[in-house]
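Dear colleague,

I am handing over the structure below, and I would be glad if you kept it open while you read the notes that follow it.

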Amino acid sequence: MKDLTLYRNIGIFAHVDAGKTTTTERILKLTGKIHKIGEVHDGAATTDFMVQEQERGITIQSAATTCFWKDHRFNIIDTPGHVDFTIEVYRSLKVLDGGVGVFCGSGGVEPQSETNWRYANDSKVARVIYVNKLDRLGADFFRVVKQIEEVLGATPVVMTLPIGREDQFVGVVDLLTRKAWIWDESGDPLKYEIKDVPADMEADVEEWRAKLIDQVSDQEDDIMEKYLEGEEPTLEELKHCLRKGTIKMDFFPTFCGSSFKNKGVQLVLDGVIDYLPNPMEVNPQPEVDLEGNPTGEHAIVDADRPVRALVFKIMDDRFGALNFVRIYSGRLKKGDTLLNTFTGKTERVGRMVEMHADDRSEIETAQAGDIVALIGLKNVQTGHTLCDPDKPATLEPMVFPDPVISIAISPKDKGSNEKMGVALGKMIQEDPSFRVETDEESGETIIKGMGELHLDIKVDILKRTHGVEVNVGKPQVAYRETITQRVEDSYTHKKQSGGSGQYAKIDYIIEPGEPGSGFVFESSVTGGNVPREFWPAVDKGFKASVDRGVLAGFPCLDFKVNLTDGAFHAVDSSSIAFEIAARAAYRQTIPKAGPQLLEPIMKVDVFTPDAHVGDVIGDLNRRRGMIKSQDAGVTGVRIKADVPLSDMFGYIGDLRTMTSGRGQFSMEFSHYMPCPKNVADEVIKEVNERNKAKNK
């Protein structure tokens with residue numbers, strides 16, 4: 001039996017370019033997992049093993065690895081920071097017990113940090129904070145701490161203070177022990193000395209230490225009372241309070257350092273052991289039934305209970321599909337048979353491996369608290385639950401956002417069609433936010449994703465990994481349609497063709513719904529004019545029609561249908577007749593209800609040097625952007641705006657030109673808004689022309 005108190009399942013997450021992957025490299029070096037540090041900018045980082053990651057210097061998919069620090073086992077997941085890959089962060093957080101939020105010492109709390117922080121709050125993941133890159137120009141630890149309070153609404157508890165600023169940064173002071181950790185200039189993380197606090201920092205250290213005790217002592221009444229009576233809590237008491245408050249997410253222990261310069265990472269590792277929960281200290285995963293309703297049962301982390309495991313990631317490599325699972329309860333052995341509650345079929349565990357980025361080591365058994373990869377499973381997808389066939393249960397599933405952008409692709413070489421189909425099938429399994437459809441009229445393959453970069457990477461993977469060269473069409477925006485007026489209407493479906501006919505009459509009201517309400521059906525029929533057994537058929541007929549709007553064929557959102565009256569025939573009426581009537585009623589009435597085109601609006605966050613603020617704002621205004629806020633920082637200005645997606649294509653190139661390559665931006669889907677008439681007319685005209693061309 002393994003001792004689960006020595007386990008830490010943690011994720012490292014942050015804004016793009018805050019230094020997550022570099023921090024992971026340092027952790028692997030310090031824990032003896034690797035002997036030579038690989039750098040992101042050289043394309044040699046251990047966890048960035050995809051060609052695309054090495055070339056672009058960004059993390060695209062989360063990577064898992066296991067290492068040991070002071071007898072504790074760390075299962076670490078390094079996640080991407082770029083907004084197009086937030087799905088990787090979301091699904092990793094879902095299976096982790098704790099996290100390290102990395103922030104850039106000069107960039108501070110950046111847009112993607114907010115999204116990741118929100119995901120971590122939703123998943124109730126306890127975190128420690130690590131403010132990195134304190135050796136950089138413009139780095140200011142205290143400014144970042146203030147931003148964490150103001151922008152994220154979180155309570156950081158400062159655990160270490162930096163010694164020196166920017167290029168003078170040499171080490172940190174540990175507030176709990178009042179000791180200074182100072183590294184030499186060799187760059188070796190193991191070459192440091194522990195000394196007394198520098199004389200010029202003593203007052204600051206006492207001030208911040210008092211603040212720390214103030215923030216944490218109220219976790220235990222007796223410690224609080226002692227403190228109020230003037231008795232200082234012991235080191236053990238402080239650590240106990242820190243651990244308790246961190247697990248409850250009342251506050252977040254905050255460390256500082258520079259991963260690239262190998263300074264300060266050891267204290268973060270100690271903080272993970274001291275303050276983040278082991279698998280038994282987090283709230284157990286709720287179980288749901290096959291309809292998705294909570295059963296009241298929980299998957300309690302215990303090796304002696306029935307097996308419960310959640311598949312949180314699928315990765316295809318040269319040996320076949322790797323299914324990453326987090327085991328919540330029970331034990332797993334090679335050769336075990338498990339039930340997939342989503343498909344209702346059993347799966348046999350062929351092999352089990354422990355991952356270190358893209359290397360693996362075979363293992364025979366695993367148990368509650370472990371994160372492992374299974375090989376040999378057939379019909380498993382992200383979010384599926386694997387469990388004991390004799391005692392089935394489903395864990396709370398994952399919910400993935402809908403794509404906002406699509407492009408048409410076709411293989412350059414006509415013989416590669418089948419090869420492309422197989423490759424896309426594997427890619428869909430790996431990434432639930434990536435969708436593929438075939439346009440029925442033109443036969444084109446449409447790929448859909450979360451942004452331009454997301455689809456750009458997918459096309460690159462098709463070419464490099466699967467050897468399929470494709471022609472890429474123009475990006476298409478996922479428009480939607482809705483209605484603006486209330487209409488009362490009636491439709492009668494009659495068909496007589498010898499023998500029994502078809503008859504259904506429905507009276508109904510169609511009216512606009514609240515934004516985000518989707519399609520709502522209700523019936524207020526009284527007196528049995530439309531028998532109750534036909535109501536679901538009317539609902540089904542309308543529901544089947546909403547995928548195709550009347551303006552340009554985009555899905556129709558946010559409207560309500562109320563079935564008020566109708567008529568039926570004792571012999572000729574049937575469910576199918578009422579379904580056909582509802583489909584025809586949709587086509588008849590929606591054009592009368594003031595149909596309107598909706599466009600996706602993106603939350604855009606732009607960072608620009610001071611000198612280019614005017615140009616950037618002018619450009620966003622030209623793109624129909626609504627400027628929400630401007631925040632001046634040390635190294636530049638952050639501008640937040642809401643901008644229609646259709647006007648954001650190619651923005652990164654324009655931004656770089658305007659800012660001499662120094663501007664950065666990120667965007668994520670925010671909401672749908674009505675299109676201005678001139679834009680709507682243009683879109684409808686374009687769709688009609690495309691349809692005409694297809695039909696020729």
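**Notes on the structure**

Strand β27 (residues 445-449) has four of its five residues buried, so this strand is largely enclosed by the rest of the structure. Buried here means under 20% relative accessible area, with exposed meaning over 50% and partly exposed in between, for a 1.4 Å probe and protein chains only. Helices (H or I, at least four residues) and strands (E, at least two) are DSSP runs, numbered from the N terminus.

Please note that this is a predicted model, in which local features need pLDDT of at least 70 and side-chain atom pairs count only at pLDDT 80 or more, while totals for chains, interfaces and linings use all residues. Residues are numbered from 1 along each chain as its sequence is written, and side-chain values use heavy atoms, with hydrogens and water left out.

Two strands pair with β27, where pairing requires that DSSP finds at least two bridges between the strands. Strand β25 (residues 405-411) runs antiparallel to β27 and is joined to it by five bridges, with I409 standing opposite T445 of β27. Strand β26 (residues 435-438) also pairs with β27 in the antiparallel sense, over four bridges, and there E437 stands opposite I446.

**The chain as a whole**

The secondary structure comes to 16 helices and 38 strands, and of the 696 residues of the chain 55% count as buried. Among the contacts with a separation of 6 or more, 72% are accounted for by residues 24 or more positions apart, contact meaning heavy atoms within 4.5 Å.

Strand β12 (residues 285-288) pairs with β13 over three bridges in the antiparallel sense, and the bridge partner of P286 in β13 is H298.

**Helix packing**

Helix α14 (residues 613-622) packs against helix α15 (residues 651-658) at an angle of about 150 degrees, with their axes 10 Å apart. That makes α14 roughly antiparallel to α15, where angles under 35 degrees count as roughly parallel, over 145 as roughly antiparallel, 65 to 115 as roughly perpendicular and the rest as oblique. From α14 the contact is made by D615, V616, D619 and L620, and from α15 by Y651, L655 and M658.

In helix α12 (residues 535-545), the residues W535, A537, V538, D539, G541, F542 and S545 are buried. What covers these buried residues includes the strands β32 (502-512), β33 (519-523) and β34 (559-567), together with helix α13 (575-589).

**Two single residues**

V131 is found in strand β5 (residues 126-132) and counts as buried, because its relative accessibility is 0%. Leaving aside neighbours within four places in sequence, V131 is in contact with F103, G105, F141, V144, T254, F255, C256 and G257. The C-alpha atoms of V131 and S106, which lie 25 residues apart along the chain, are separated by 9.3 Å.

Q147 has its place in helix α5 (residues 141-152) and is also buried, with a relative accessible area of 19%. Not counting residues up to four places away in sequence, Q147 touches G107, G108, V109 and L152.

With best regards

Conventions. Axes are lines fitted to C-alpha atoms, for helices over the stretch in contact, and angles run from 0 to 180 degrees between N-to-C directions.
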